[in-house]
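Dear colleague,

Please find the structure below, handed over for your records. A short account of what was found in it comes after.

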Amino acid sequence: MSKALNLIKTNSSNPKVWVLLGVSVAGLLVLAETKRRRRRAMIIKREDFGAFLERFELLPFPQPPPPAARLPLAGLTFAVKDIFDVKDYVTGFGNPDWQSTHEPAEKTAVAVTALLKNGAKCVGKTVMDELAYGIIGENKHYGNPINPNMPSHIAGGSSSGSAVAVAAELVDFALGTDTVGCVRIPASFCGILGFRPSHGAVSTIGVLPNSQSLDTVGCFARDPHTLHRVGHVLLQLNAVEPRRTRRLIFADDLFQLSKVPKQKTVYVVSKAIEKLSGYQSPQHKNIGQYVASNVLSLKSFHEQSSNLQIGTTTLKALSSVMLSLQSCEFKTNYEAWVKSVKPRLASDVLERVLSAINSENENVKALYKVKTEMRAALQSLLKDDGILVIPTVADPPLKLHSKKGYSTEFHDRTYTLSSIASMSGCCQVTVPLGRHENCPISVSFISYHGGDKFLLDTILDMYSSLQEQVQISSNSVAMQDANGNMDASELLKEKGNAAFKGKQWNKAVNYYSEAIKLNGTNATYYCNRAAAYLELGCFQQAEDDCSKAISLDKKNVKAYMRRGTAREALLRNKEANEDFKHALVLEPQNKFAASAEKRVRKMIS
């Protein structure tokens, strides 16, 4: 410092020195101010979990004087995804280049205005995936909203900020949009309620489109009463409707995709409705096979690898059609803008955008035909009293910045489940059901197109009973039974083998299960039961049994083969390929293993 002062004294008459000194001081001040603003931004970000892009207040419309009833949303606050127009604010679409190339909105979106008219106050806009083209919930420009239930894991997208704002109790409810799962997925990952209305039931005027044939305006809430009230306002529903008997249908094959034990999902829902009036006994359906039989136009979009996997293959094809339709309409909407602006996009978003822009739309009519047939098929299944019960997602929330977030298998399994409502246009509500291995879990309830009030009323009716059963389930301890009687267990195994040969799969499972109770250390019993489960289409149970068999016998080739078959059916092709390769290491001449490995490798590539 003394040397610097001496230098200034020596050259004090030189004006360049003073200019240099002034610039240096200004630079230091700017640097200090920048650091201060960054610290302030980090503090704000921690306070709002990174949910908000912009804070402001839109006051509700005045409460009419007595004797008029109190407005239904009076006293509630909400936030909106940065895809809704708000007068005098630029709708940013999750991307700074979009924001810089567009003017402030002249009007507020119809859905937002409806909420303000009914007494709610809007407090800001929330972060979203860029161009609403993602389901992870990450945004490289504005940061990643922090999942309050699992801070080191993704919140899910594309309506990530809205979901986080509700889960963190920053607002009472929030608006999002759902195209291919963009409300349902973050609702599940953040442990809150999420509502995707019937396609076209809520106005999308003043909402930027992603894919008009799939887009819906959805909402998030922490409790069913708020969801019910907000849903009624958005849908402009009458308050009273005759009560109808409810018929729940469990999609057994879709629950096979989930890693959550049925004890915490199917069993909880079944027990919850036992205590409620107006519910028929639950039904069970293989939804993949039902779609295969009733949406015939899907056949041209997939190759049936085997009768065993026809349902899974069909639903994979359905999700592929959904994504093709999204790409087609996104291209129509934004090709010109993308080519002229060349926006800065995250690598995964850029890949999807370029894929859409460069896609050929030669088979558009076939895509819309699948959608039409899918709606008719669900309408026939559900009629006016049915509710389909499915897992919302197949996997737990991934870790932030995880490469798995961009993996084909994660997206395949997620889109397989979300395509049911997206492609049929049916309404769906995601309901949290506690936790499994410290991760939020949920199930979804799907009703017929136009059955939104029926569905919202049902959720309100059963919610408290569901949460009561969640508590009971979490406190229960699974009973294990093993007494080591080897002779009896071998006899039961032989009976199981006989039943298997007679194609009595359920009876075979029962015999093998009894044998396992007597001797839980025999790999063959688990491996044989897995074979029966495969025949029944119970792929998750088959995988679990094979894993147990392998833990007991590392050289059990059949266990590797059967586990590979189960994983392939569950759309986890990389893991399936590893099993088939392991079987080949143990038995290099195994033709079935070689054929399976080659087939799955081709699917991965």
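Predicted model: local features only at pLDDT ≥ 70, side-chain atom pairs only at ≥ 80, totals over all residues.

Residues are numbered from 1 along each chain as its sequence is written, and side-chain values use heavy atoms, with hydrogens and water left out.

The largest pocket has a volume of about 1,500 Å³. Lys316, Ser320, Thr408, Asp412 and Met603 are the closest to its centre among the 47 residues that line it. (On a 1 Å grid over the protein atoms alone, a pocket is an open set of points where a 1.4 Å probe fits, with protein on both sides within 12 Å along at least five of seven lines; lining residues have an atom within 4 Å of a point. The volume is the space filled by probe spheres set on the points.) Helix α11 (310–341) is among the elements that give two or more residues to this lining, and α11 gives the most, with eleven residues. Helices are DSSP runs of H or I with at least four residues, and strands are runs of E with at least two, numbered from the N terminus.

Helix α19 (residues 539–552) reaches 20 Å from its first C-alpha to its last, close to the 20 Å expected for its 14 residues at 1.5 Å a residue; the expected span is 1.5 Å times one less than the number of residues. Its buried residues include Phe539, Cys546 and Ile550. Buried means under 20% relative accessible area, exposed over 50%, and partly exposed in between (1.4 Å probe, protein chains only).

In the backbone, the peptide bond from proline 66 to proline 67 is cis, with omega near 10°, and proline 67 sits in the loop between β1 (52–58) and β2 (77–81). Another cis peptide bond joins glycine 157 and serine 158, with omega about 10°; serine 158 is in the loop between β3 and α5.

Glutamate 169 counts as exposed because its relative accessibility is 59%. Lysine 342, in the loop between α11 and α12, is exposed, with a relative accessible area of 63%.

Yours sincerely
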